[in-house]
Amino acid sequence: MHIMEGFLPLQWCIFWFALSLPAVAYGVYRMNRMIKENREILPLLGVSGAFIFVLSSLKLPSVTGSCSHPTGTGMGAIIFGPWITSVMAMIVLIYQAIFLAHGGLTTLGANTFSMGVAGPIVAVLIYKAAMKSRLNLYIAVFLAATLADWATYVVTSLQLALAFPAASGGVLASFEAFAAVFAITQIPLAIVEGAVTALMFKYIVQLRGDVLLRMNVVSPSTMKSLKEALA
């Protein structure tokens, strides 16, 4: 997913920055407000950020100019929402670009949009839909994290296709080619990420279920049934 430094034409770098920065700015506002109202979330915020960093650093070679890896943003999106997650994702991407040569600063806007905006929005929508359908909490988390990962790579494929349309078939043909190559590694990686995220969420429920209740991530009835199952 991390599009490497200097790979995108300048106009597309500017375009994706223009889309990403408002989301991140709003996320900073929401994060500051949330921390002032409830400082107990700081450890959970740190864990979510570390989870994104660790998973998204495990890269595999994929499409030329990019790579495949888990994103880790699903858990943060479920707990804190997509906008705060976009802030955590951008911080992680900046660190990776500077210290790990993973991604780049010129492509930071594009990488933030795919991993920190599009993916988390999908995660939240899937999680809420799954909980309204009364699915098991951990299945809902699994689906949200898995589909958020796939959504990230669909957007990355679109970003690459827009920047490098095929001579025959244009953007659509290019999109299909990029998506097909990503799918080889990303379909299984996303499933693994979904399972790991669900296990991590189970750990958080056991340790800080009270915080999840206060943030309306889990309903009291769901939390009660989870506690009874663990007893």
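Which helices do the buried residues of α3 pack against? In this predicted model, the partners are α1, α2, α4, α5, α6 and α7.

| Helix packed against by α3 | Residues |
|---|---|
| α1 | 10-37 |
| α2 | 42-56 |
| α4 | 82-99 |
| α5 | 108-132 |
| α6 | 137-163 |
| α7 | 170-214 |

Helix α3 itself spans residues 73-80, and eight of its eight residues are buried. Reading along the helix, these are T73, G74, M75, G76, A77, I78, I79 and F80. After α3 comes G81, with a positive phi near 95°.

Let us turn to the nonpolar core. The largest one holds 63 residues, and those touching the most other members are I79, F80, Y127, L137, F201, L212 and V217. Helix α6 provides the largest share, with 11 residues.

Beyond its neighbours within four places in sequence, F201 contacts M75, I78 and I79, along with L137, Y138, V141, L212, V217 and V218.

Finally, have a look at P188, a residue of helix α7. P188 is classed as partly exposed because its relative accessibility is 40%, a value between the 20% and 50% cut-offs. Its C-alpha atom is 9.9 Å from that of P70, although 118 residues separate P188 and P70 along the chain.

Notes: Residues are numbered from 1 along each chain as its sequence is written. This is a predicted model: local features need pLDDT of at least 70, side-chain atom pairs count only at pLDDT 80 or more; totals for chains, interfaces and linings use all residues. Side-chain values use heavy atoms; hydrogens and water are left out. Buried means under 20% relative accessible area, exposed over 50%, partly exposed in between (1.4 Å probe, protein chains only). Helices (H or I, at least four residues) and strands (E, at least two) are DSSP runs, numbered from the N terminus. Contact means heavy atoms within 4.5 Å. A nonpolar core is a set of buried Ala, Val, Leu, Ile, Met, Phe, Trp, Tyr and Cys residues joined through side-chain atoms within 4.5 Å.
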